[in-house]
Amino acid sequence: MSNPRNRNLLIIIGVLLLTNIAVLVYFLGQKKSEKTAAVQHTSERERAGISEMLQKEVGFTDEQTAQYKILKDKQRQTIRPMYDDMRKAKDSLFRLLSYPETPDSLLSKASESIAEKQKALDLQTFYHFKRVRSLCTQEQLPKYDSMILRMFRKMGRPPRQTETDKSKAK
């Protein structure tokens, strides 16, 4: 091969390589932004979700919805530190994995701490929804009770497997 011809081939290969890298970066960046947008959309929908359900399914008035939002904000302020404590307790438990000879008594103590924190969270959540229930009229109570039971039953289920998850598992 002659020198000019080699140089032309190297230029073409270089351009194709740069184009492939640019396309790869574009699609990876787009996928990441789609995931971020999906997460933001889901969390916005969840925030508005219970409030909308209370209005549509239970029949909350604008005044009841405003009172609910005040209770919800107080609840968030209360449970955020509780979740942080729970996370720290679980971190402590799983740090014990790095110690080959961890005594069972230490594992038991760590898991009991987590159980106590979970119990406190569950009770706080129960009392929050009891306070929300107190906003209901007599006619709204059966609808509210039914909605809450459905909501918590859904929360207790394992997440559904998407088609992408199923194909990855194969």
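Tutor: Of the 170 residues of the chain, 21% count as buried, that is, under 20% relative accessible area with a 1.4 Å probe and protein chains only. The model is predicted, with local features needing pLDDT of at least 70 and side-chain atom pairs pLDDT 80 or more, while totals for chains, interfaces and linings use all residues. Numbering starts from 1 along each chain as its sequence is written, and side-chain values use heavy atoms, without hydrogens or water.

The chain contains five helices and zero strands (DSSP runs: H or I of at least four residues; E of at least two), in the order α-α-α-α-α. Among contacts (heavy atoms within 4.5 Å) between residues at least 6 apart in sequence, 67% join residues at least 24 apart.

A pocket here is an open set of 1 Å grid points with protein on both sides within 12 Å along at least five of seven lines, and lining residues have an atom within 4 Å of a point; the volume is that of probe spheres set on the points.

Its lining is formed by D122, T125, F126, F129, K130, R133, Y144, D145, I148, L149 and F152. Two helices, α3 (104–133) and α4 (141–156), are the elements that give two or more residues to this lining. The most comes from α3, with six residues. By class, the lining has six nonpolar, one polar and four charged residues.

How values were computed
On a 1 Å grid over the protein atoms alone, a cavity is a set of points where a 1.4 Å probe fits but cannot get out, and a pocket is an open set with protein on both sides within 12 Å along at least five of seven lines; lining residues have an atom within 4 Å of a point. Ala, Val, Leu, Ile, Met, Phe, Trp, Tyr, Cys and Pro count as nonpolar, Asp, Glu, Lys and Arg as charged, and the others, Gly among them, as polar. Buried means under 20% relative accessible area, exposed over 50%, partly exposed in between (1.4 Å probe, protein chains only).
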